[in-house]
Amino acid sequence: MNLQKETKAPGGQPAKRKSMNAMVLRRMKNNKMAMAGLFILTFIMLVAIFGPLIAPYSATKTDLLHTYSLPSLQHPFGTDELGRDIMSRLIIGSRASLAIGLISMAGASVIGIMLGSLCGYFGGKVDTVIMRFMDIFQALPPLILAIAICAALGPGLNNCILAITISNIPSFVRMTRASVLNIRRMEYLEAATAINCSTSRIIAKHILPNALSPLIVQLTMGVATAIISASAMSFIGLGVQPPNPEWGAMLSAGRGYIRNYPHMVTFSGTMIMITVLSLNMLGDGLRDALDPKLKD
Amino acid sequence: MSEGKMKTGDLLLSVRDLKVVYTSAGATVEAVNGVSLDIKRGESLGLVGETGAGKTTIAKAIIGVLPDPPAKILNGEIILQDSDLLKLPEKEMRKVRGKKISMIFQDPMTALNPLLTVGDQIAEVVSLHESVSKKEAMNKAMEMLEMVGIPADRYAEFPHQFSGGMKQRVVIAIALACNPELLLADEPTTALDVTIQAQVMEMISVLQKKLNTSMLLITHDLGVVAESCDNVAVIYAGEIVEYASKEDLFLDPAHPYTLGLFGSLPSLTGDVDRLTPIPGLPPDPENLPDGCSFHPRCRYAAEECKHGSVPFKEVSPDHFVHCHMCHCEKEV
């Protein structure tokens, strides 16, 4: 170490400045699983967006002469108990299912993370008040809570999304709070205060990024649960209204015919599984890419 | 430093009668009991004492990051260039924190955010305090890295890619990035091994002299004090028991506690099998003894030490001792 050496102005090339974002992108690109997940998810979303253009039949038109047909060239995924083309229903149904899964989880995570970081950071009265409210929510099973909300607000897709959002907030609050409490003790937060970061900056820049990994996993798993909850809601008539298709509803409708016509549940179940799997792969990859400690 | 450079020797910081308590679950811990100290510009003051003596609490009180609750400042003044930091509104305090006073933390392993590059963490303090563009802040950060002996092209690396000693250098770079007038170094070398300790301390001293920064060096290592301080305050149970120039303290320690500290040091020349420790344990800060808080462990303790307040005596010019038993010319 040579201290006497004049500090040379490091102008010119500003080092090899890799920003965090660039690093995350590059790591995501190198992660085959994550890219596969992203690819499948993009594909499903495109199908959902352009659904009406690519669906071979109408999703609601019944054809009582061809009920319960097995997969064939005409109906690649077969038809259901009313002769509706399952492939078309899956394509159109992806819109409702994805909307429920993604929007409700996005909403629940944003609200949950905000409340949770407030609880974890400030502690004391704020913490007690918010957490006791969350306890009240969590005293009811999430599905029962969602059903109650839906029943109060009336059935339909939007209310269904709202209900699932609300019933999922507590778990996000709890998880964020636990993460934040852990990080709260770290000396770099004290250091951040000592260099004069504002509270919001500390939370946004120093706490949340460090608390994110468990939340990303929770988020991707949550999408799956949300789609399944939505199917339960549709099943009891509170979710997407028949005859409009929705994956979960199709799954539960096909349940009665599983012995004789398994294709009715297989395809809708597979779609849910593929979506959830791709989200998990993406989420896992994202979590790894966000952690600089893992080697490239 | 817009208000013109003050001359070396001017009074920079003056702490008067600072009293801090921690309250938790009904119990009150008296962490700092009436501490007064002065730091002149360019001076480096060592704060020496056992674990739990209140050293870190004093530093945190000065920079205003004591967690409240549980900590509470009951009394006292912390005057930095004519303004009492304890009375300053938060908005004004934010201009002081990180800019005029900055702090080096004890454990470099946890003092850096693992998700931000070291360069960005230095640039953050620059951009928080100076109206500079992102690019300028980055350049300043690189300059600081070079200054603490890290090549600037490691700007974009993350804390885990650095060794402990280098992390501590980054922490020092953050602390010095805005040319603070007062540097609070809270046991900057405790978490490092001995050779790195020497390097880091030398670097802190060199930079401190170069930038004409005042420093409050908290440590329990008398060797570090001898190396890099001008004056020393020995603190025991939240009170300063002896305050002197380094030379006076090392050549002529007066307080029984200081004598005990020196007695517990291994000597390189003598051949002694056992060190002479101070008997007993530091007092329970929830329940400090009456009178002089050191009297239960003091071998010179007399009846008068057990009750009432203890005088602050000046045993020789600028050498103050908090003790009944020290002989001296005058009381203060």
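Trainee: How do I read whether helix H3 of chain B is covered, and how many of its residues are buried?

Mentor: Count neighbours: a residue is buried if 20 or more other C-beta atoms lie within 10 Å of its own. This is a predicted model, by the way. H3(B) comes out mostly covered, with eleven of its twelve residues buried. Among them are B:Val118, B:Ile122, B:Val125 and B:Leu128, but also B:Asp120 and B:Glu124.

Trainee: What covers those buried residues of H3(B)?

Mentor: H4 and helix H5 (164-176) of chain B are included in the cover.

Trainee: And the length of H3(B), what does it reach from its first C-alpha to its last?

Mentor: Check the span against 1.5 Å a residue. H3(B) reaches 18 Å, close to the expected 16 Å.

Trainee: Zooming out, how many helices and strands does chain B have?

Mentor: Chain B has nine helices and 13 strands. Its radius of gyration is 21 Å, close to the 20 Å that the globule rule gives for 332 residues, so chain B is as compact as a globular protein of that length. Of those 332 residues, 49% count as buried.

Trainee: Now the contact between the chains: how many residues come from chain B and how many from chain A?

Mentor: Chain B puts in 35 residues and chain A 27. On the chain B side, strand S6 (101-104), H3 (118-129), H4 (134-147) and H6 (194-211) each supply at least two residues. H4(B) gives the most, with six.

Terms used
Residues numbered from 1 in each chain as written. Chains lettered and ligands numbered in written order. Predicted model: local features only at pLDDT ≥ 70, side-chain atom pairs only at ≥ 80, totals over all residues. Contact = placed C-beta atoms within 7 Å. Helix = DSSP H or I, 4+ residues; strand = E, 2+ residues; numbered from the N terminus. Rg over C-alpha atoms; globule rule 2.2 N^0.38 Å. Expected span 1.5 Å × (residues − 1).
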